[in-house]
Amino acid sequence: MLTGWFSFPDGEATAGDVLALHRMEDVLRRAGLPYDVAWSPGFRPRALHLDEVVPERYGQLVFVCGPLHGPQVERLHRRFAHCLRVAVGTSVIDPGGAAVTGFHHVVARDAPGAGPRLDLAARAPALPARPVAGVILTHGQHEYGAARRHDRVARELTAWLHGKDCARLELETRLDTRDWRMCATPAQLQSVLARLDLLVTDRLHGMVLALRTGTPALAVDPVAGGAKVSAQARACGWPALVPAERLGRDELDHWWRWCLTSGRVAARQVCEKFAAGARQDGAEELLRALRPLRTG
């Protein structure tokens, strides 16, 4: 039985712990040793959970990664008292603590008076890359009154994104010089956007700033009938736009696939047109409007 902090109902599954588990699974598979994994019901509700495990069916219990301390670990010793109990890739804080001494063998990654071992996650099997999707949503814009669909759009977009096998990064166009979690300058936000595979947004500037960096944007207009997001998509010549009225998984999936394939080239082309001044904004019009005042 493979266990760890990812097994406890009140524990947590970290990326490092799960990769350490993958390393142990790989070792056991190659050795031809069968095993089961106990998961926290909060993390994997349909997997095998500790409270469903019949301890008598197992002869060995392996605790993978994390610190050896606390009542949860001590309960494992009592419940699996008949098993050979081994901890591997763990941190030992108190060598004399019951959570540590309950194991027959501890292969620590760090322990008082001992040299460190490489963490198990470092040699976990390689994983395929997943798309990195930035997400910029707004829940405001009350000026649109009854035409607002922002709450529904945000709810449906985030539910759809939850089912995507991607790395999601929530971002803000709002700048803040006091909050370290926020970008303080446009350059900082652009640096993040440039490193994404795509951006999902219902904000005009989310779309424009992504395209400025050559990153494809899957844009949704959250106003019934279309408003500034739709207008700006036309101004940019950007096709990946979903109106609030057509918001659905099939439509979103279509533009997701497009953004990750043909959309990469299209976004770079829009970026190049921005830089070359191929598309006009209102700055020159301002100068013409001011000219009579300057000569009068």
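**Cores, helix contacts and buried loops in a predicted model**

Colleague: Which residues touch the most other members of the largest nonpolar core?

Modeller: That core has 45 residues. A nonpolar core is a set of buried Ala, Val, Leu, Ile, Met, Phe, Trp, Tyr and Cys residues joined through side-chain atoms within 4.5 Å; buried means under 20% relative accessible area, exposed over 50%, and partly exposed in between (1.4 Å probe, protein chains only). The members that touch the most others are Leu218, Trp238 and Trp256.

Colleague: At what pLDDT do side-chain atom pairs count?

Modeller: Residues are numbered from 1 along each chain as its sequence is written, and side-chain values use heavy atoms, with hydrogens and water left out. This is a predicted model in which totals for chains, interfaces and linings use all residues, local features need pLDDT of at least 70, and side-chain atom pairs count only at pLDDT 80 or more.

Colleague: At roughly what angle do the axes of α4 and α8 cross?

Modeller: Helices (H or I, at least four residues) and strands (E, at least two) are DSSP runs, numbered from the N terminus. Axes are lines fitted to C-alpha atoms, for helices over the stretch in contact, and angles run from 0 to 180 degrees between N-to-C directions. Helix α4 covers residues 150–162 and helix α8 residues 249–259. Their axes come within 11 Å, and the crossing angle is roughly 60°.

Colleague: What is the orientation of α4 and α8 to each other, and what is the handedness of their crossing?

Modeller: Angles under 35 degrees count as roughly parallel, over 145 as roughly antiparallel, 65 to 115 as roughly perpendicular and the rest as oblique. α4 and α8 are therefore oblique to each other. A crossing is left-handed if the near helix is turned anticlockwise from the far one by less than a right angle, and right-handed if clockwise. The crossing of α4 and α8 is right-handed.

Colleague: How do the residues of the contact of α4 with α8 divide by type?

Modeller: On the α4 side are Leu157, Ala159, Trp160 and Leu161, which meet Arg249, Leu252, Asp253 and Trp256 of α8. The classes are nonpolar (Ala, Val, Leu, Ile, Met, Phe, Trp, Tyr, Cys and Pro), charged (Asp, Glu, Lys and Arg) and polar (the others, Gly among them). The α4–α8 contact divides into six nonpolar, no polar and two charged.

Colleague: What covers the buried residues of α8?

Modeller: The buried residues of α8 are Leu252, Asp253, Trp255, Trp256, Trp258 and Cys259. Their cover includes β5 (132–136), α4, β7 (198–201), β8 (217–221), β9 (241–243) and α9.

Colleague: Is Trp258 buried or exposed, and at what relative accessible area?

Modeller: Trp258 is found in helix α8. Leaving out residues up to four places away in sequence, Trp258 touches Trp238, Pro239, Ala240, Gly263 and Ala266. Trp258 counts as buried, with a relative accessible area of 18%.

Colleague: What is the phi of Cys65?

Modeller: Cys65 is found in the loop between β2 (60–64) and α2 (71–79). Cys65 counts as buried because its relative accessibility is 2%. Although Cys65 is not a glycine, its phi is positive, at about 65°.

Colleague: What is the relative accessibility of Thr90?

Modeller: Thr90 has its place in strand β3 (residues 84–91). Apart from neighbours within four places in sequence, the contacts of Thr90 include Phe63, Cys65, Leu68 and Val107. Thr90 counts as buried because its relative accessibility is 0%.

Colleague: Which residues does Ser7 touch?

Modeller: Ser7 lies in the loop between β1 (2–3) and α1 (15–30). Ser7 counts as buried because its relative accessibility is 0%. Not counting residues up to four places away in sequence, Ser7 touches Leu2, Ala38, Trp39, Ser40 and Leu50.

Definitions and conventions: Contact = heavy atoms within 4.5 Å.
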